[in-house]
Amino acid sequence: SLSLLMSSAGPPAPAPAAPAVTSNKTPPPPSLTPQQDDAIRSFARTAVDKYGFSWFRSNSDALTELRALHPGLLDSLTDDEIRAAYLAQEPRLWDAFWSTPFGPFVAINLLAYLSGFSWCGTPLGNEAACRAIEGM
């Protein structure tokens, strides 16, 4: 019965062709020179105010301005490559340090520590805490 069904069915039908895959993914980022990387980073800081947070997506005015600010530097890159490079940039430690409250907080406290500043000599000093520190 099963063998009868198998023999009368004929050869197996070919598998259907896979549908064409279209992707909206950003192309892989190009390798940038340090000057190109700095140019895109510096422009991105101000472009948000002028063009909005998605300045790099479809705003050709923003990319035209970027190219005008750095003539010759980005000529070898297409608009899609500039977008991909911007999206692939990771924050630098120095930028993250100074563009968040953490950097100034550490700098001010380090300056106070190195200068020998103590809250004990100010009206804000807590007497019990100051006695404990002085007793160490």
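Contact, as the term is used here, means heavy atoms within 4.5 Å. By that criterion, among contacts in the protein chain between residues at least 6 apart in sequence, 55% join residues at least 24 apart.

The structure is a predicted model, in which local features need pLDDT of at least 70, side-chain atom pairs count only at pLDDT 80 or more, and totals for chains, interfaces and linings use all residues. Residues are numbered from 1 along each chain as its sequence is written, and side-chain values use heavy atoms, with hydrogens and water left out.

## Overall architecture

The secondary structure of the protein chain consists of eight helices and zero strands, and the order of elements from the N terminus is α-α-α-α-α-α-α-α. Helices (H or I, at least four residues) and strands (E, at least two) are DSSP runs, numbered from the N terminus. Of the 136 residues of the protein chain, 16% count as buried. Buried means under 20% relative accessible area, exposed means over 50%, and partly exposed lies in between (1.4 Å probe, protein chains only).

## Nonpolar core and aromatic residues

A nonpolar core is a set of buried Ala, Val, Leu, Ile, Met, Phe, Trp, Tyr and Cys residues joined through side-chain atoms within 4.5 Å. The largest such core has 13 residues, and those with the most contacts inside it are Ile40, Phe43, Trp55, Leu63, Leu66, Leu74 and Ile82. At least two residues of this core are supplied by each of H2, H3, helix H4 (60-69) and helix H5 (79-88). H2 gives the largest share, four residues.

A search of the whole structure finds three aromatic pairs. Rings of Phe, Tyr and Trp (its six-membered ring) pair if their centres lie within 6.5 Å; planes under 30 degrees apart count as stacked, over 60 as edge-to-face and the rest as tilted. Two of the pairs are listed below.

| Aromatic pair | Centre to centre | Angle between planes | Class |
|---|---|---|---|
| Phe43 and Trp55 | 5.3 Å | 80 degrees | edge-to-face |
| Phe97 and Phe102 | 5.8 Å | 85 degrees | edge-to-face |

Phe43 counts as buried because its relative accessibility is 3%, and Trp55 is buried at a relative accessible area of 0%. Together with Tyr86, Phe43 and Trp55 form one aromatic cluster. Apart from neighbours within four places in sequence, Phe43 is in contact with Tyr51, Trp55, Ala62, Glu65, Leu66 and Leu69.

In the other tabulated pair, Phe97 counts as partly exposed at 24% relative accessibility, whereas Phe102 is exposed with a relative accessible area of 52%.

Val48 also lies in helix H2 and, at 22% relative accessibility, counts as partly exposed. Not counting residues up to four places away in sequence, Val48 touches Phe53 and Trp55. The C-alpha atoms of Val48 and Ala62 are 9.8 Å apart in space, for residues 14 apart in sequence.

## The largest pocket

A pocket is defined on a 1 Å grid over the protein atoms alone, as an open set of points where a 1.4 Å probe fits, with protein on both sides within 12 Å along at least five of seven lines; lining residues have an atom within 4 Å of a point. Grid points are joined across faces, edges and corners, and a volume is the space filled by probe spheres set on the points. The largest pocket has a volume of about 250 Å³. Its lining consists of Ile40, Arg41, Ala44, Arg45, Tyr86, Gln89, Glu90, Pro91, Asp95 and Ser99. The largest share of that lining, four residues, comes from H2.

Two of the lining residues are described here. Gln89 is in the loop between H5 and H6 and counts as buried at 18% relative accessibility. Its side chain is joined to that of Asp37 by a polar contact of 2.7 Å; such a contact is a pair of N or O atoms within 3.5 Å, where, within protein, one must be able to donate a hydrogen and the other to accept it, and residues adjacent in sequence count only if both atoms are side-chain atoms. Beyond residues up to four places away in sequence, Gln89 touches Asp37, Ile40 and Arg41.

Asp95 is found in helix H6 and is partly exposed, with a relative accessible area of 26%. Leaving aside neighbours within four places in sequence, Asp95 is in contact with Arg41 and Arg45.

Thr100 is placed in the loop between helix H6 (93-98) and helix H7 (102-115). Thr100 is partly exposed, at a relative accessible area of 32%. A polar atom of the Thr100 side chain lies 2.8 Å from the backbone oxygen of Ala96.
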